[in-house]
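This briefing goes through selected positions in one chain, then turns to model confidence. Please read it alongside the sequence and the coordinates.

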Amino acid sequence: MCGFVRPIFCFKLVLVALVASGCAREDDRASNGLELLSGPDAGGAVDLSRAARDLPYLARLVSASPAQTTLRLGAFRARGHQRLRVTQDERALEELGETTTVSRTASGDFYALYENTRGYGRESYFSAARNLLWVRPRHGKFHRRKPTGAHEPANVLSDALSAFAADFELALPALRVVDKGLAPHPRRPARRFSLALGAPDSAAVTDASSDATRAWRPAFVPRALEGELWLDEATGAVVAGRLSMKGRVARTDGVVDLLIDVGVELFDVGTD
């Protein structure tokens with residue numbers, strides 16, 4: 001069963017089961033979304049003109065985006081989607097679709113809904129004034145409780161927005177980025193970048209995790225890639241992004257082909 005605070009676990013665990021050499025379960029503990037802001041650019045000014053020519057810098061911006069969005073953009077609405085199709089020798093092994101809807105007020109109240117094509121989902125509300133969370137499996141009963149720690153509400157919200165960043169990381173070893181200049185997103189000055197397949201570059205891989213459930217990720221080889229990215233001028237947060245890619249992973253019983261389509265977009269940023 002996938003944990004609510006990490007809705008993309010469903011997607012991750014499908015990949016792990018299919019392409020990892022062993023099948024270890026992902027730790028269900030909530031990650032601290034605030035840790036994403038611990039780098040040298042944490043909370044400070046961003047240089048988006050640098051992003052297209054410095055992939056590690058761009059990777060840090062996208063990785064930190066869920067927490068930046070949660071902590072620095074105030075009120076917003078967001079919609080995200082993910083689709084995965086796994087084949088081997090043109091035979092379908094797995095397919096999964098996921099959608100996420102998020103709404104946050106300037107006072108910190110939020111609603112988050114995750115659903116997938118297997119009929120599973122999670123739903124949560126948070127009241128900042130009362131410091132209370134309401135959580136439930138989709139169509140189940142709500143459970144009301146205090147957050148387990150001061151950072152849990154921010155973690156729940158940033159995790160709900162993290163699918164695009166996770167898949168963007170997969171594209172890094174063969175990503176070509178072109179700066180398309182200022183392209184205002186509704187109510188936010190933003191910079192647009194086009195994403196395409198470039199020459200493989202192992203130095204662009206940022207995942208150094210020893211977690212067995214992530215061991216397959218450096219072996220993923222993108223073979224086709226197309227997308228766009230809009231970064232907020234003030235914070236570097238992703239205000240819109242879409243990415244479609246095909247890739248392969250070699251495993252003991254042959255080569256597995258993956259088709260991944262992911263997107264996220266923010267609306268009504270800064271309004272209640």
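**Briefing on selected residues**

H143 lies in strand 6, which covers residues 143-145. The model is predicted, and its average pLDDT over the chain is 80.

- Leaving aside residues up to four places away in sequence, H143 touches L133, W134 and V135.
- Between the C-alpha atoms of H143 and S124 the separation is 9.3 Å, and the two residues are 19 residues apart along the chain.

**T70 in helix 2**

- T70 sits in helix 2, made up of residues 55-72.
- With a relative accessible area of 4%, T70 is buried, because the cut-off for that class is under 20%.
- The T70 side chain reaches the backbone oxygen of P66 at a distance of 2.9 Å.
- When residues up to four places away in sequence are not counted, T70 touches R104, A154, L157, S158 and L161.

**Loop residues with positive phi**

- D89 belongs to the loop between strand 1 (76-88) and strand 2 (91-104).
- Phi of D89 is near 55°, a positive value, and the residue is not a glycine.
- D89 is exposed, its relative accessible area being 70%, because exposed residues are those over 50%.
- N131 is placed in the loop that runs between strand 4 (121-127) and strand 5 (132-137).
- N131 is likewise not a glycine, yet its phi is positive at about 50°.
- The relative accessible area of N131 is 35%, so N131 is partly exposed.

**Confidence**

- A pLDDT of at least 70 is reached by 76% of the residues.
- Over residues 1-42 the pLDDT stays under 50, and the model has 104 contacts beyond four places in sequence for this stretch.
- Residues 202-212 also have a pLDDT below 50, and this stretch has 14 contacts in the model beyond near neighbours in sequence.
- Where pLDDT is low, the predicted coordinates should not be read in detail.

Methods. Residues numbered from 1 in each chain as written. Heavy atoms only, no water. Helix = DSSP H or I, 4+ residues; strand = E, 2+ residues; numbered from the N terminus. Buried < 20%, exposed > 50% of the residue type's maximum accessible area, 1.4 Å probe, protein only. Polar contact = N/O pair within 3.5 Å; in protein donor to acceptor, adjacent residues only side chain to side chain. Contact = heavy atoms within 4.5 Å. pLDDT = per-residue confidence, 0-100.
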